[in-house]
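Dear colleague,

I am pleased to hand over the structure that we discussed. Please find the sequence and the coordinates below, followed by an account of what was found.

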Amino acid sequence: MLTSVDTDLIRVLADPLRLRIVALLARETLCTTHLVEETGARQTNLSNHLKVLREAGVVETEPCGRFTYYRLRPEVLEGLAGQFADLARTARATAAADVKRSCP
């Protein structure tokens with residue numbers, strides 16, 4: 001069953017720009033300037049989204065001079081994927097056993 005933490009992470013990833021950032025960071029570590037170029041978003045908007053991703057534990061930062069680089073934490077996505085895989089296994093087992101609640 002999904003917990004409140006899981007639904008919070010799903011909400012974080014449900015935003016289209018944040019999901020785009022995650023997809024970009026899956027390929028390489030990028031700084032805010034790179035992400036502005038790739039997404040076309042304004043720097044302040046992008047920084048706000050990166051803050052949300054950082055606070056959710058999806059990305060980590062690496063200071064480099066006057067720039068901050070962002071790196072995806074794949075274990076967070078793997079954990080979420082595992083929870084969805086567990087739900088799928090449960091649904092498969094339920095369907096195979098023909099488990100259904102009777103109507104009152």
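The notes below take the sheet, the helix contacts and some individual residues in turn.

Please bear in mind throughout that this is a predicted model.

Three strands make up an open sheet in the order 1-3-2, and their pairing is antiparallel. The edge positions belong to strand 1 (30-31) and strand 2 (59-64); each has a single partner strand, so one side of each is left without a neighbour in the sheet. In general, the strands of a sheet pair through backbone hydrogen bonds, in either a parallel or an antiparallel manner.

Strand 2 is joined to strand 3 (residues 67-72) by six bridges, and the two run antiparallel.

Strand 2 and strand 3 form a hairpin with two residues between them. In the turn, G65 has a positive phi of about 65°.

On the other pairing, strand 1 and strand 3 are linked in the antiparallel sense over two bridges. One of the residues involved is L30, whose bridge partner in strand 3 is Y70.

**Helix 2 and helix 4**

Helix 2 and helix 4 pack with their axes 10 Å apart, at an angle of about 75°. Helix 2 is therefore roughly perpendicular to helix 4, as angles of 65 to 115 degrees count as such. Helix 2 contributes L17, R18, I21 and V22 to the contact, and helix 4 contributes N45, L46, H49, L50, V52 and L53. Sorted by class, the residues of this contact are seven nonpolar, two polar and one charged.

What does H49 touch, leaving aside residues up to four places away in sequence? The residues in question are D15, L17, R18 and I21. H49 itself is found in helix 4. Its relative accessibility is 12%, so H49 counts as buried, the limit being under 20%.

**Helix 3 and helix 4**

The axes of helix 3 (residues 32-39) and helix 4 (residues 43-55) come within 10 Å and cross at roughly 110°. This angle makes helix 3 roughly perpendicular to helix 4. The crossing of these two helices is right-handed. On the helix 3 side, T32, L35, V36 and T39 take part; they meet Q43, L46, S47 and L50 in helix 4. The residues of this contact divide into four nonpolar, four polar and no charged.

V36, which lies in helix 3, may be of interest as an individual residue. Is V36 buried or partly exposed? With 25% relative accessibility, V36 counts as partly exposed. Not counting residues up to four places away in sequence, V36 touches A41, Q43 and L46. V36 and V76 are 40 residues apart along the chain, and their C-alpha atoms are separated by 24 Å.

**Helix 5 and the segment after it**

A81 has its place in helix 5. The relative accessible area of A81 is 47%, so A81 is partly exposed. A81 and C31 are 50 residues apart in sequence, and the distance between them in space is 26 Å, C-alpha to C-alpha.

Which residue has a positive phi although it is not a glycine? The residue is D98, with a phi of about 55°. D98 lies in the segment after helix 5 (74-96). With a relative accessible area of 53%, D98 is exposed, because the limit for that class is over 50%.

**In brief**

Among the individual residues, H49 is buried, whereas D98 is exposed.

With kind regards

Note on methods:
Residues are numbered from 1 along each chain as its sequence is written. This is a predicted model: local features need pLDDT of at least 70, side-chain atom pairs count only at pLDDT 80 or more; totals for chains, interfaces and linings use all residues. Side-chain values use heavy atoms; hydrogens and water are left out. Axes are lines fitted to C-alpha atoms, for helices over the stretch in contact, and angles run from 0 to 180 degrees between N-to-C directions. Helices (H or I, at least four residues) and strands (E, at least two) are DSSP runs, numbered from the N terminus. Angles under 35 degrees count as roughly parallel, over 145 as roughly antiparallel, 65 to 115 as roughly perpendicular and the rest as oblique. A crossing is left-handed if the near helix is turned anticlockwise from the far one by less than a right angle, and right-handed if clockwise. Contact means heavy atoms within 4.5 Å. Ala, Val, Leu, Ile, Met, Phe, Trp, Tyr, Cys and Pro count as nonpolar, Asp, Glu, Lys and Arg as charged, and the others, Gly among them, as polar. Buried means under 20% relative accessible area, exposed over 50%, partly exposed in between (1.4 Å probe, protein chains only). Two strands pair if DSSP finds at least two bridges between them.
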